[in-house]
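These are my notebook entries on a structure with its sequence beside it. I record what I looked up, one topic at a time.

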Amino acid sequence: MKNEIIVLERQFDAPVSMVWKAITDRDEMKKWYFDLAEFKAEVGFRFQFSGGPAPDRQFVHLCEVTEVEPEQKLTYSWRYEGYPGNSFVTFELFGKGNQTTLRLTHKGIETFPGENADFAIQNFRDGWNEIIHTSLRNHLEK
Amino acid sequence: MAARRDVFQAIADPTRRKIINLVAGQPMNLNAIAENFEVSRQAISLHIKILRECGLVVVKKQGRDRYCEVRLEKLGEVSEWIEQYRAFWNRKLDSLELFLADQKKHKAKRKSKKM
């Protein structure tokens, strides 16, 4: 049952310093990830943001940074306010000249959903796309 | 709060995951299952009870023995749930890729202006 863990790898045409900045700088994160009030790549730093499949179906995400190795590794917990369960998201960077491989690992997702209908699988389908993809594209094409 | 009895609860515990893996290949006698663990037989019985309530195993009597058989259909719900996160992160990484490409363009522009 290894498939409970998500592992994705992606190679970017950018040096590791640039990718690290994109995943840890609040202003840069805002442009492709989530709009956070503040972000610090420091163990123990807590942040939260709203996200969900539709404007009327938003979940407060609660996160806490648990691991930081500058330009190499960043881990934070990821759970939902008012719901049981907890998970961990890790970004690992492997730089090679002007290329960087990012490995994203998300563990513990299976601890979330339960008897609560709001958390039913169907509610999550597709919704993210709208918010992230479209809004980011609009931003970049301005 | 009522105890959660769904597939997610079933696999949240490492001992229960190990039990599922053990019986995934073939039905096993409850005693034989318990022999694979350090914890007490009672503890294993409780895990199997939870797995039954979650619909992941059935226990069948054969003479004096009780055999535990796996029911893997329910695990489909988990992979469906996980798949959505996979899609979510893939889209995020697409966004990151676009963002980085855009940043590079801006940098190149700034450089050429300086020159």
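**Entry 1: a turn between two strands**

Which residue takes a positive phi in the hairpin of β2(B) and β3(B)? I looked up the turn and found that G63(B) does, with a phi near 65°. The hairpin has two residues between its strands. I note at the outset that the model is a predicted one.

I then followed the two strands themselves. Strand β2 (residues 57-62) of chain B and strand β3 (residues 65-70) of chain B run antiparallel, and six bridges join them. I looked up two individual positions. V59(B) has C68(B) as its bridge partner in β3(B), and K60(B) stands opposite Y67(B) in that strand.

**Entry 2: confidence**

I checked the scores before reading further. The model has an ipTM of 0.75 and a pTM of 0.67. For chain B the mean pLDDT is 85, and 94% of its residues score at least 70.

**Entry 3**

I listed the elements of each chain. Chain A has four helices and six strands, and from the N terminus they run β-α-α-β-β-β-β-β-α-α. Chain B has five helices and three strands, in the sequence pattern α-α-β-α-α-β-β-α.

I also looked up burial and contacts. Chain A has 142 residues, of which 23% count as buried. Chain B has 115 residues, of which 27% count as buried. For contacts between residues at least 6 apart in sequence, I noted what share joins residues at least 24 apart: 39% in chain A and 55% in chain B.

**Entry 3: the sheet of chain B**

In what order do the three strands of the chain B sheet lie? The order is β1-β3-β2, the sheet is open, and the pairing is antiparallel. Strands β1 (28-29) and β2 of chain B are at the edges; each has a single partner strand, so one side of each has no neighbour in the sheet.

I turned to the pair formed by helix α2 (residues 14-25) of chain B and α4(B). They pack at an angle of about 75°, and their axes are 10 Å apart. Angles of 65 to 115 degrees count as roughly perpendicular, and α2(B) and α4(B) are therefore roughly perpendicular to each other. On the α2(B) side the contact is made by T15(B), R16(B) and I19(B). On the α4(B) side it is made by H47(B), I48(B), I50(B) and L51(B).

Which residues of α2(B) are buried? I found R16(B), I19(B), I20(B) and V23(B). Seen down the helix axis, they fall within an arc of 100°, so they line one face of α2(B). These buried residues pack against α1, β1, α3 (30-34), α4, β2 and β3 of chain B. The face turned away from the buried side carries the exposed residues P14(B), N21(B) and G25(B).

**Entry 4: a helix of chain A**

I looked for a similar listing in helix α1 (residues 16-24) of chain A. Its buried residues are V16(A), V19(A), W20(A) and A22(A). They cover an arc of only 160° around the axis, which puts them on the same side of α1(A).

**Entry 5: one residue, L8(A)**

Finally, I looked up L8(A), which lies in strand β1 (residues 6-12) of chain A. Is L8(A) buried or partly exposed? Burial requires 20 or more other C-beta atoms within 10 Å. L8(A) has 15 within that distance, so L8(A) is partly exposed.

I then listed its contacts, leaving aside residues up to four places away in sequence. L8(A) touches L104(A) in chain A, and W89(B), N90(B) and L93(B) in chain B. I also noted L102(A): it is 94 residues from L8(A) in sequence, but their C-alpha atoms are 8.1 Å apart in space.

Key: Residues are numbered from 1 along each chain as its sequence is written. Chains are lettered from A and ligands numbered from 1 in the order in which they are written. This is a predicted model: local features need pLDDT of at least 70, side-chain atom pairs count only at pLDDT 80 or more; totals for chains, interfaces and linings use all residues. A residue is buried if 20 or more other C-beta atoms lie within 10 Å of its own, exposed if 12 or fewer, and partly exposed in between; C-beta atoms are placed from the backbone. The arc is that of the directions from the helix axis to the C-beta atoms. pLDDT is the predictor's confidence in each residue, from 0 to 100. Two strands pair if DSSP finds at least two bridges between them. Two residues are in contact if their C-beta atoms, placed from the backbone, lie within 7 Å. Axes are lines fitted to C-alpha atoms, for helices over the stretch in contact, and angles run from 0 to 180 degrees between N-to-C directions. Angles under 35 degrees count as roughly parallel, over 145 as roughly antiparallel, 65 to 115 as roughly perpendicular and the rest as oblique.
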